[in-house]
Amino acid sequence: MKFTGIAAACLSLLSAACADTTAAGSASSKVVLPSTFKPPQVFKNANLVHIISLEKNYAKESINVLIENDSQDPQDEYYLPFTSGQMERIGGFEVKDRKNSDVVGFIVDAVEFDSSSDTQFYRIKLPAPLSPKGQQTLGISFYYLDALKPLPAYIAQTDKQYLTYAFSAYCHSAYPTLKQKTEVKLPSSDAPDYTKIAGTGETKEFPVKQGSKLTYGPFPEVPAGASSPATVRYEFNKPVSHVSELERDIEVSHWGGNVAFEERYTLFHHGASLSSQFSRVKWAQSQYFSPQTFALKELKFILGAGSKDAYFTDVIGNVSTSRFRASKREAVLELKPRYPIFGGWKYPFTVGWNADSNNYLKRSGGKYLLKVPLIEGPKQAEGVEYEHVEIRVVLPEGAQDVKYHTTAPESSITEHNVEIVRTYLDTVGRAVLTIKARNLVDELRDRELFVSYEYSTAAALRKPLVIFTSTIAVFVGMWLLSKLDVSISTK
C-alpha cells in the first residue's frame, strides 16, 4: 500500500476521533454530583491484584481486578476512590480490558461532589453495560508524581539515598473485595524498613519478602472503603528528577521542508539535600572510580531519525559539554550540565534541533497530517516526571481546520486551543495549536500527537508573493525617489 493511502486512512480516523478538538476549551472533564453522593453498591471485586512499582523515581500503580455485577440491573459505572492529595498528583490514568485487548471505549472522568471531603473518585464508564452476575477483568494503571520522600532528608555527598513511600496494604475500593493482594516492587533488595501486619492462614506475618518484592496478602474478604496504612523505606541511589514545567515548541515549515523543535525545561532534584557544602574536590576525586551517585550528572535525549543542528543552552548561554550523534535509525543528544545536580537544586535549560519534515509530515489531497511524539524528554534509567507540560504546534500561515488527537491518556490533557499568532512577514497570521497537560512521566515518550490541517496552494504562495511584492515595491520606491529633482535652481 502506498503511503498516501495510509495517510488518507489516518486522516479519516483522525477526523472521526477529534471532531470536537478544533475549539478552545478544557480537554479533561469533571462530573459534578451532589455532595451526598456515595457510589452505589452494585459491584463486587471477585479478585484483585494491586501492584506498586517503585523501580523509578515516581510511583506506578496497577490494579488488575475481576469485577462482578452484584445488582439486578445492567451496570456500566465503576468508581475508584482516592484522597484529595492523591487527586492532585495522579496522572496517566488508563483503563483496559485485561482479557480482550480489542475492547475499547473506556471513559474516565474525575468526579467532583464535595470539595471539603478527603475522598474523591474517578468514574470508569464501561464500553457496554455489564449484565447481572456478569464479570469483566479491568486493568487500571496510573502514576503518582512527587510521592517519594527522602529519609533522611539531608545526607553527605557520598552517602546512599533512601526514599519512603506511603500506601495501603488493602487496595482502596468503593466495593467489597472477596480476595486481594498487594505487591510492592523495589529497585533493589535493600529495604531496611517496611510496615509489618498480621498474616492470614499459614502466613503469620505480612509482607512476604522475596528479593526486591514485598507481598501483602492474599487477604480474605475486605469491606468497601477498608484501609491498612503502610510505608516502605528503600535504597534509591539515583537522581529524583522532577520537571516542574516543560514548554515544547514544534514549528512546521513547508517551504523549508523542516520541523523545528525546541524544549525549555525547569528541572528540580527532589531527592535528599546535602548536609554540608558541596565539595568540587571530592566530586572530582570520586569520578575516577565512577561510583553510583544520587546526583544528576548527565542527560540523554533519544531523537528521531534525521534530526540535526542540535543545541543545548542554559541561563548563562551555550553549554559546550554536549555530544550529538546521528545515524539512520535515530539521533542521540548527550548533555552534561555545568554542575552535578543534588537534592533541592534547580537547573533550567533549553534544547532544540531541526528535522526533515518528510519524517513527520504527510499529505493526502489538500490535507496534511503531522505525526510527532507528544514529549521527547531525556531517557533516563531512573525515570523523569513532568508536572506541567505545554505543547505549541506552530503551523504555516494560512493553515485551516486544525484538529488533533493523541494516544496519551485523555485524563492527562487539561486544556487545548487554537489561536492566530502573527510573526515577521505574516499577513493573516499562523495557526498555533496549544495543548496543556499535567502529571506526565517518561514512560509516555512513545505516545504520539497527530495534527491534521488544510493548507491550500494559494496559502502556500502567499508568503513568497508578499516577499516578492514587498521587494518590488522597495525597488520601485527607490527608483521613484531617484527620479525626484530635489536640487535648488536659480531663477
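Predicted model: local features only at pLDDT ≥ 70, side-chain atom pairs only at ≥ 80, totals over all residues.
View 1. Leu 480 belongs to helix H4, residues 457-483. Helices (H or I, at least four residues) and strands (E, at least two) are DSSP runs, numbered from the N terminus. With a relative accessible area of 45%, Leu 480 is partly exposed; buried means under 20%, exposed over 50%, and partly exposed in between.

**View 2. Open mixed sheet of 7 strands.** The strand order is E5-E8-E3-E2-E12-E17-E16, and the pairing is mixed. Strands E5 (90-97) and E16 (208-210) stand at the edges with a single partner strand each, so one side of each has no neighbour in the sheet. From one strand to the next, the twist averages 15°; axes are lines fitted to C-alpha atoms, and angles run from 0 to 180 degrees between N-to-C directions. Within the sheet, strand E2 (residues 43-53) and strand E12 (residues 180-185) run parallel and are joined by 6 bridges. Two strands pair if DSSP finds at least two bridges between them. Ile 51 has Glu 183 in E12 as its bridge partner.

View 3. Thr 434 lies in strand E32, which spans residues 430-441. Its relative accessibility is 6%, so Thr 434 counts as buried. Leaving aside residues up to four places away in sequence, Thr 434 touches Glu 390, Ile 391, Arg 392, Glu 415, His 416, Asn 417 and Glu 419. Contact means heavy atoms within 4.5 Å.

View 4. The closest N and O atoms of Arg 123 and Asp 109 are 3.2 Å apart. Arg 123 is in strand E7 (residues 119-130) and Asp 109 in strand E6 (residues 107-112), so the pair ties together parts 14 residues apart in sequence. A salt bridge is a side-chain nitrogen of Lys or Arg within 4 Å of a carboxyl oxygen of Asp or Glu. Arg 123 is buried, with a relative accessible area of 15%, and Asp 109 is buried at 7%. Both residues are part of a salt-bridge network that links Asp 76, Glu 77, Asp 109, Arg 123 and Lys 125. The structure holds 22 salt bridges.

**View 5. Salt bridge between Arg 233 and Asp 193.** The closest N and O atoms of this pair are 3.2 Å apart. Arg 233 lies in strand E18 (residues 229-235) and Asp 193 in strand E13 (residues 193-194), so parts 40 residues apart in sequence are tied together. Arg 233 is buried, with a relative accessible area of 17%, whereas Asp 193 is partly exposed at 41%.

**View 6. Salt bridge between Asp 146 and Lys 149.** The closest N and O atoms here are 3.7 Å apart. Asp 146 is partly exposed at 29% relative accessibility, and Lys 149 is partly exposed at 41%.

**Notes to all views.** Residues are numbered from 1 along each chain as its sequence is written, and side-chain values use heavy atoms, with hydrogens and water left out. Local features need pLDDT of at least 70 and side-chain atom pairs count only at pLDDT 80 or more, while totals for chains, interfaces and linings use all residues.

Methods
Buried < 20%, exposed > 50% of the residue type's maximum accessible area, 1.4 Å probe, protein only.
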